[in-house]
Amino acid sequence: MLGIRKRIEGLHLRILLQFPEGLKEKACEIAEKLEAEGNEVFISAAPCFGACDIALAEAEACRADKIIHYGHAEFPLGKKAKIPVEYVEFRSDVDLKPMVLKALEDPEFRKCAKVGLITTVQHVGKLREVKALLEENGKTVLIGKHGPKAKYDGQVLGCDAAAAVNVDGKVDCILYVGGGLFHPIGAALACTKKVLSADPFLGKIMWLDEEKRRYEKRRRGALAAAVSAQRFGIIVSVKPGQENLRAAVGLKKAFERIGRKAEILLTDIINPESLANFRCFDAYVNTACPRIVIDDYMRFEKPILNFDDALELVEELKKSR
Ligand code: SF4
């Protein structure tokens with residue numbers, strides 16, 4: 001069961017509501033409540049991929065006074081959100097204790113005396129409880145300081161694993177409690193220590209070393225394949241929390257300085273099928289959500305690199321000139 005964390009303020013406004021897929025079932029109930037309070041309410045039907053993904057175009061189309069974005073914690077949008085955005089977090093009341101006890105039975109986890117603890121915003125309110133349970137069972141537990149895109153210590157996003165990285169050097173392993181593999185894989189890729197995922201919805205625990213190895217192999221393969229690319233498509237998202245046009249322009253110049261060609265491609269949704277029709281590119285660079293490359297790599301016909309890997313490629317190509 002999920003509960004509304006923050007009460008909605010501001011009466012008689014024109015409001016655009018935005019929900020991630022898992023919360024769209026709540027849309028009518030919330031819309032009716034806000035309408036009963038005298039507001040004019042619109043609902044974004046577009047997919048919502050994260051806290052970074054604000055429905056600005058929809059809000060402008062209905063001339064909304066504000067956007068209420070459900071399900072995620074506040075994300076640093078800076079001046080990119082031209083319409084005020086109110087984030088309404090949702091917290092899960094699923095019991096994490098059985099998963100912690102399951103983790104404690106794992107032979108490898110039992111060897112870890114010091115544990116870094118991470119989760120998503122849905123469970124962040126239960127981190128202290130989980131920490132206490134681990135400590136009762138003899139562990140020393142560290143909850144890392146949150147990164148620039150997260151709001152709470154111990155909270156990770158798919159693109160911000162700083163809460164794990166900040167304790168990586170001081171622990172024997174990292175325990176992620178929460179749903180899915182999207183977040184713990186991000187932490188596993190960013191950390192040197194092993195990450196154990198404990199998913200209370202599936203009732204499963206899983207070490208992520210194999211996933212990490214597989215991604216690293218793919219990443220190295222993409223870098224090797226991109227060495228011979230003559231023309232790059234540099235993808236820029238128009239989503240306010242993902243847009244990085246300045247970096248793309250800098251990268252285009254860097255490619256051109258070493259004799260490669262590049263064009264900048266602007267898009268809202270990065271769709272491998274529509275990219276496939278650009279026959280002129282030999283490889284792509286993604287400056288938007290880094291998880292697109294990590295999670296959807298197999299869907300792209302051409303090699304695709306994240307921005308940092310593209311910088312590494314430029315350095316390699318410079319040396320070999
Ligand atoms: S950039 Fe990607 S990982 Fe980060 S919040 Fe947005 S959708 Fe999630």
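Residues are numbered from 1 along each chain as its sequence is written. The model is predicted: local features need pLDDT of at least 70, side-chain atom pairs count only at pLDDT 80 or more, and totals for chains, interfaces and linings use all residues, while side-chain values use heavy atoms, with hydrogens and water left out.

Me: How far apart do the C-alpha centres of domain 2 and domain 3 lie?
Reply: The chain is divided into domain 1 (2-91), domain 2 (97-207) and domain 3 (212-319), with bounds from an automatic or database domain assignment. Contact means heavy atoms within 4.5 Å, and 11 residues of domain 2 are in contact with seven residues of domain 3. The C-alpha centres of domain 2 and domain 3 are separated by 31 Å.

Me: Which strands are the edge strands of the five-stranded open sheet?
Reply: Helices (H or I, at least four residues) and strands (E, at least two) are DSSP runs numbered from the N terminus, and two strands pair if DSSP finds at least two bridges between them. The open sheet has mixed pairing and the order β8-β7-β9-β10-β11. Each edge strand pairs on one side only, and these strands are β8 (140-142) and β11 (204-207).

Me: What angle does the direction of helix α5 make with that of β7?
Reply: Strand β7 (residues 114-119) runs parallel to β9 (residues 173-177), joined by five bridges. Helix α5 (residues 127-136) packs on the sheet and touches β7, β8 and β9. Axes are lines fitted to C-alpha atoms, for helices over the stretch in contact, and angles run from 0 to 180 degrees between N-to-C directions. On this basis, the angle between α5 and β7 is about 160 degrees.

Me: Why is the pair of Phe232 and Phe255 classed as stacked, rather than edge-to-face or tilted?
Reply: Rings of Phe, Tyr and Trp (its six-membered ring) pair if their centres lie within 6.5 Å; planes under 30 degrees apart count as stacked, over 60 as edge-to-face and the rest as tilted. By this rule there are five aromatic pairs. Because the centres of Phe232 and Phe255 are 4.0 Å apart and their planes lie at 10 degrees, the pair is stacked.

Me: How many residues apart in sequence are the parts that Phe232 and Phe255 tie together?
Reply: Phe232 counts as buried at 0% relative accessibility, where buried means under 20% relative accessible area, exposed over 50% and partly exposed in between (1.4 Å probe, protein chains only). Phe255 is also buried, at 0%. Since Phe232 lies in strand β12 (residues 231-237) and Phe255 in helix α9 (residues 245-257), the pair ties together parts whose separation in sequence is 23 residues.
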